[in-house]
Amino acid sequence: MIQAKIAEILDSNQFLQEFEVNGWVRSFRSNRFIALNDGSTINNLQCVIDFENFDQDELKRITVGSAISVKGTLVESQGNQQRVEIEVKEFKILGDANPEEVKLTILSPKRHSLEKLRQQAHLRVRTNTFGAIMRVRSKLSFAVHSYFQQNNFHYVNTPIITGSDAEGAGEMFRVSALDMENPPKKEDGSIDFSEDFFGKETNLTVSGQLEGEAYAMGLGQIYTFGPTFRAENSNTSRHLAEFWMIEPEVAFCDLDGNMDLAEDFIKYVLKYILENCQDDLEFLDKRFKTEEESKPKAERTGMGLLEKLHFVLDNNFKRVSYTEAIEILKNCKPNKKKKFNYIIEEWGADLQSEHERYLVEKHFKCPVILFDYPANIKAFYMRLNEDGKTVRAMDILFPGIGEIVGGSQREERLDILRGKMKELDIDEKELWWYLDTRKFGTCVHSGFGLGFERLVQFVTGMGNIRDVIPFPRTPQNAEF
């Protein structure tokens, strides 16, 4: 007897072979047909049971949500809903699920809202939607590592606890071992962090970029892929307090090389997912179409989920300067007729998602990379252009979502970097080591950041970022 996963059995041609399979009951019809799922695939295995040959009390324990072990023979299915099925010879209840309690949870056959599913995040992965999302997320994670490893990048684990703020935003979670009810104080009444665990004020990281840059200066090309944290009080469908970031850094690489890398990377992972998650993507594509049909016409993307993935994979990314994009947006109909929520009036405006989507979906009709942004709306570490007012930044824009990647050529010139830090009142003492990297063999280098959940969101078609991470952390919510 072979013990196997349901995904393997559904693809098997070993008819009349005996199999043992474990899983959770999705349905039990006519006291005869068990739909069993073990998480290995979105598809259920039909197990056919001759109820007259089994103990009736044991059969009553086969309920939705219960865990069971089944032993039986693989045969061609008599029905047209599945290719194969198991003729059950024996079964064992591994874990009961009370039908009355199941009715109160998302395990019941009743369709539930995504908000209800978030309230039972410990159970939602057993639904078709979240099972599909999390399998896709797992494959995407593997594809990320595969791409970089195949291209001779070194994986670096950058610190989660840090004393620096890479973004300069100041919205960070403090890490402290001090007694919050009676912290040590300085003479001026402020908290004395010199007595804290690390001897200074520390926080959870918002990015591994700065440390990644340091390691790229010795290893040539590295990537980080780890958790990051933002204490931004944004209770929206686009924000999380805890999320994962993919951040490569490459020495001897300018902005053009950085854009090449980002496009090649994205196309690799999308191709991998299309080839390895077909069943889950087909399910999510149908779900996406249903969701789109329920939206007002103006809010629809006009493309199915699979169509969007191929749109990115099959098109070259159009490279457009920020200055050119502003001119396009200033003169477009939605802007002139004041259809945009944020009207573009002059150079220097910070582009919103509606502007980014217009460029991708309406104007260029392909993914877009915007570059050379105004210096005053970008971070201090981005390389200043010769015009003195723009920096070598780049953002990649996708349909339906807007910006998905942000990156830049880094400022390698010590004097200019110091000047920008002084302008923004960034303390050199806090980043002495970062400045040091510009003293010992400085060189042109570049990198980008891609929020992993934003990528999962795009690939799965989910509208809310809270639905693509197992246990979302948001303002006023750290449940589970």
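1. Helices (H or I, at least four residues) and strands (E, at least two) are DSSP runs, numbered from the N terminus. The model is predicted: local features need pLDDT of at least 70, side-chain atom pairs count only at pLDDT 80 or more, and totals for chains, interfaces and linings use all residues. Residues are numbered from 1 along each chain as its sequence is written, and side-chain values use heavy atoms, leaving out hydrogens and water.

2. Ile160 sits in the loop between strand E7 (154–155) and strand E8 (161–162). Ile160 has 38% relative accessibility and therefore counts as partly exposed; buried means under 20% relative accessible area, exposed over 50%, and partly exposed in between (1.4 Å probe, protein chains only).

3. A salt bridge is a side-chain nitrogen of Lys or Arg within 4 Å of a carboxyl oxygen of Asp or Glu. The count under this rule is 28 salt bridges.

4. One of them joins the side chains of Arg118 and Asp467 at 2.8 Å, N to O. Arg118 is in helix H4 (residues 114–119) and Asp467 in the segment after helix H15 (452–460), so the pair ties together parts 349 residues apart in sequence. Arg118 and Asp467 are both buried.

5. The side chains of Arg174 and Glu201 also meet in a salt bridge, at 2.5 Å, N to O. Arg174 belongs to strand E9 (residues 174–175) and Glu201 to the loop between E9 and strand E10 (202–204), so this pair ties together parts 27 residues apart in sequence. Glu201 is partly exposed because its relative accessible area is 34%.
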